[in-house]
Amino acid sequence: MVDDGLTFSRKYRLLDRQAFDRVFADPVRLTIPPFTLLFRENQMGHPRLGMVIAKKNLRLSVRRNAVRRKVRETFRLSKGRLPGVDLVLIARRDIVDFSAPQLVSQLNKIWTRLADD
């Protein structure tokens, strides 16, 4: 498969515990409700994304999966302007108060803020 820049292939994902632990060990933190973004520079030249969406914060799996899809979609469209960082996006408890369009808006704010820094 050719990487046309708009895919969300394995190279753009944090896949193992070691990669997550590396970000959690010494992160830069960015909070835009209902998300907290932890990130740390990597040497790969492209961003990689991991997500933490706790069952405690979103009880229904369909809601958790819908949030994951929104995050992946907005990241996929924004990753070309993001720096080479490993990202862990954490959904906060107040996520239940946000509608789908509001989530997309907040995610776009996160990616824009990260790209500008």
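Apart from its neighbours within four places in sequence, Trp-111 is in contact (heavy atoms within 4.5 Å) with Leu-37, Leu-49, Val-71, Thr-74, Phe-75, Ser-78, Arg-81, Leu-82 and Leu-87. The model is a predicted one, in which local features need pLDDT of at least 70 and side-chain atom pairs count only at pLDDT 80 or more, whereas totals for chains, interfaces and linings use all residues. Residues are numbered from 1 along each chain as its sequence is written, and side-chain values use heavy atoms, with hydrogens and water left out.

Trp-111 is also among the residues with the most contacts inside the largest nonpolar core, together with Phe-35, Leu-37 and Leu-87. This core has 25 residues, a nonpolar core being a set of buried Ala, Val, Leu, Ile, Met, Phe, Trp, Tyr and Cys residues joined through side-chain atoms within 4.5 Å; buried denotes under 20% relative accessible area, exposed over 50%, and partly exposed the range in between, with a 1.4 Å probe and protein chains only. At least two residues of the core are supplied by each of E1, E2, H2, E4 and helix H3 (100-116), where helices (H or I, at least four residues) and strands (E, at least two) are DSSP runs numbered from the N terminus. The greatest contribution comes from H3, with five residues. A second, separate core comprises six residues, including Leu-14, Ala-19, Val-23 and Val-88. In soluble globular proteins, nonpolar side chains tend to be buried together.

One of the contacts of Trp-111, Thr-74, lies in helix H2 (residues 61-78) and is buried, with a relative accessible area of 6%. When its neighbours within four places in sequence are left aside, Thr-74 is in contact with Val-104, Leu-107 and Asn-108 as well as Trp-111.

Strand pairing, which requires that DSSP find at least two bridges between two strands, links E1 to E2, E2 to strand E4, and strand E3 to E4. Strand E1 (residues 28-32) pairs with E2 in the antiparallel sense over five bridges, with Leu-30 opposite Leu-37 in E2, and a hairpin joins E1 to E2 through two residues. E2 and strand E4 (residues 85-91) are likewise antiparallel, over seven bridges, and here Glu-41 stands opposite Val-85 in E4. Five of the seven residues of strand E2 (residues 35-41) are buried, so that E2 is largely enclosed by the rest of the structure. Strand E3 (residues 48-52), by contrast, pairs with E4 in the parallel sense over five bridges, and Met-51 stands opposite Leu-89 in E4. The chain passes from E3 through H2 to E4 in a left-handed β-α-β crossover; a crossover is right-handed if, with the strands pointing away from the viewer, the path from the first strand over the helix to the second runs clockwise.

In the loop between E2 and E3 is found His-46, which is buried, with a relative accessible area of 15%. Not counting residues up to four places away in sequence, His-46 touches Lys-11, Tyr-12, Pro-83, Gly-84 and Val-85.

In helix H1 (residues 17-25), the buried residues are Ala-19, Phe-20 and Val-23. They cover an arc of only 100° around the axis, which puts them on the same side of H1, the arc being that of the directions from the helix axis to the C-beta atoms. The buried residues of H1 pack against E2, E3 and E4, whereas Arg-17, Gln-18 and Ala-25, on the other side of H1, are exposed.
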